[in-house]
Amino acid sequence: MSAGLPDIDPALLQKRIDELALITEAAPPVVTRVLFSDAVLHARDYVHKLCLEAGLKVRIDAVGNMFARWTGSAPDEPAVATGSHIDAIPNAGKYDGVVGVLGGLTAIEALQEADFRPMRSIELVVFTAEEPTRFGIGCLGSRMLAGAIPLEKVRALRDPEGRSLDELRARAGLDGPLESVALPKNHYASFAELHIEQGPLLEQENLPIGIVQSIAGPSAYRVRIQGEGGHAGAVLMPGRHDASLAASELALAVEKAARESGSPDTVATTGKWEIFPNAINSVPFEAWLEIDLRDTTMETRDRALMLMREASHEIAARRGVTIEWKEINADPPADGDPRTMKIVEDVALRLDLATRRMVSRAYHDSLFMARVCPTTMIFIPCRKGYSHRPEEFSDPAHIAAGARVLAGTLARLSHEPL
Ligand code: GLV
Ligand code: MN
Ligand code: MN
C-alpha cells in the first residue's frame, strides 16, 4: 500500500495473462479466440474460476456476458463496473481486452486485500464478442446490454457457416430469452475500462496512462457486386462486366473518399474480399467487399460515405454491374464522462503517474457502456502501438500501473456521491 492505494503484483497479473494466452485456437504465441469457440469458452471458465476464488458472485446472461460482483454495503445502489473482453480476432496477441478483464479482477482483489469496503457494489464484466469475427458486428454483448441493437437484427445474424446466434449459444449452454440481456435503467453508476492503447502515442511520449475523452464512431458495410462471368480466354475485353475489377475500383474510391472527407480522423478500410468463382481462367461474376469506416465526428463520416456511394453509382453505370450496399452498423462516437475522467486523473497524480487525454480510434465495449452510464477508459502503452497481431506487447510494470489506477478509480467511484 502506498499513496493510500493498494499495490498490484505485476508478476501475478502477468502470470494470469500468460496462462490465458495458452487457451487459444492457434499455436501459441498466436491468440485466436472467436465467439463460442471452445477456446473462448474455456477462457471464460478460467476467468470464472478466478472470480469465484475471489469470493465474487457470478452471473452469466443469455448471450454469454459474465458479471462478477463484489457486493457493497449499499447493495441496492447502482454498481460501479469495470471489464473488457477475452475474445480475440484470428492471429491476435494476448493483451487486447485481457488486460481490462484480468487487470480489473486483480484491481478488485487488491482492494479486498487492502481491506477496502465498497459502498456501491463493484462488478467485473466480461463482454461477449467485442470482436466482429463470427457475426460481422463488433461489441455484440455490450451492444445488447445497452439495448442498442434490435433483437430482430440479432436473430437474423448468421456466421460464415450459416449458423444463428441461437444455435451457437445453445451449443455453449446458454439459454434464456435475448430480451433479458438489456440492462435496466440506472443499473450501473459508472464504468471504467482498462485497455492497451493499440496506438503508439503513449509510448512515443513516454507516458504511462492515457485517459480516453472520446471513442471514434465505427460503421461497417457489406457490398455485393454482380457482374457477368465467362471464359477468361473467350470473352473479349469490350464485352466484360468483371465484378472483381469493379470491386477494385470501389476499394480505391473508398480510400479516396476517406482522404477527402475534410477530416484527418476519417479512416476507411476494405479489409475483406470474396470473389466468385475465384478461378484463374474465369471472369469473376460476383464480388463481396466489407468496408470499415470510422470517424470522430458524424459530419465528416457521413461526407465520406456520400462520396463512396456516389463513386459506387458511377462505377456500376460505367462497368455495367450492379452494386448493392448493406449497412452492418453505423454507431455514433462516444464521449468520456468528465467527472470519471477527472477521478482517473486525480488517482494517477497521487501515484505520480503522468497522464494525457486522448481519442480512442479503436472501438471498445465502452462505446456502448457510455450509453448505459458515465464511462471512461484508462489506456496503457503498448510496444510500437502493435495490436491485432501476435507481437502485441505491454510492459508488466505498465499493466500493473494501469490496474492500480483502475483500483483507485473504482474505490472512489464506489464511495463518492454521483
Ligand atoms: C476493435 O477491435 C476495433 O476494431 O476497433
Ligand atoms: Mn480488438
Ligand atoms: Mn479490445
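Visitor: How many cavities of 30 Å³ or more does the structure hold?

Guide: Five of them. Bear in mind that this is a predicted model.

Visitor: What makes a space in here count as a cavity?

Guide: The largest cavity here has a volume of about 120 Å³, and 13 residues line it. Closest to its centre are Val 40, Arg 44, Gly 64, Phe 127 and Thr 128. Two elements, α2 (38–53) and β6 (122–127), each give two or more residues to that lining, with α2 supplying the largest share, three residues.

Visitor: What classes do the residues of that lining divide into?

Guide: Nine are nonpolar, two polar and two charged.

Visitor: And how much space lies in the second largest cavity?

Guide: About 50 Å³. Its lining includes Val 212, Asp 335, Ser 366 and Met 377. Strand β17 (375–380) is one of the elements that give two or more residues, and β17 gives the largest share, three residues. By class, the lining has five nonpolar, four polar and one charged residues.

Visitor: Why is the pair of His 85 and Asp 96 said to tie parts together?

Guide: His 85 sits in strand β4 (residues 79–85), while Asp 96 is in the loop between β5 (88–92) and α3 (98–113), so the pair links parts that are 11 residues apart in sequence. Asp 96 also bridges ligand 3 and another manganese ion, ligand 2, the two ions lying 3.7 Å apart.

Visitor: Are His 85 and Asp 96 buried or exposed?

Guide: Both are buried, meaning under 20% relative accessible area.

Visitor: How do you know that the length of helix α12 agrees with what it should span?

Guide: Count residues: α12 runs over residues 396–415, which is 20 residues, and at 1.5 Å a residue they should span 28 Å. The end C-alpha atoms are 29 Å apart, so the two agree.

Visitor: Why is α12 called mostly covered?

Guide: Of its 20 residues, 15 are buried.

Visitor: What reaches the backbone nitrogen of Ala 397 at the start of α12?

Guide: A side-chain oxygen of Asp 395, which comes to within 2.8 Å. The cut-off for a polar contact is 3.5 Å, so that pair is inside it.

Definitions and conventions
Residues are numbered from 1 along each chain as its sequence is written. Chains are lettered from A and ligands numbered from 1 in the order in which they are written. This is a predicted model: local features need pLDDT of at least 70, side-chain atom pairs count only at pLDDT 80 or more; totals for chains, interfaces and linings use all residues. Side-chain values use heavy atoms; hydrogens and water are left out. Helices (H or I, at least four residues) and strands (E, at least two) are DSSP runs, numbered from the N terminus. The expected span of a helix is 1.5 Å times one less than its number of residues. Buried means under 20% relative accessible area, exposed over 50%, partly exposed in between (1.4 Å probe, protein chains only). A polar contact is a pair of N or O atoms within 3.5 Å; within protein, one must be able to donate a hydrogen and the other to accept it, and residues adjacent in sequence count only if both atoms are side-chain atoms. Donors are N, O and S atoms within 2.8 Å of the metal (3.2 Å for Na, K and Ca); water is not among the atoms, so sites may look incomplete. On a 1 Å grid over the protein atoms alone, a cavity is a set of points where a 1.4 Å probe fits but cannot get out, and a pocket is an open set with protein on both sides within 12 Å along at least five of seven lines; lining residues have an atom within 4 Å of a point. Grid points are joined across faces, edges and corners, and a volume is the space filled by probe spheres set on the points. Ala, Val, Leu, Ile, Met, Phe, Trp, Tyr, Cys and Pro count as nonpolar, Asp, Glu, Lys and Arg as charged, and the others, Gly among them, as polar.
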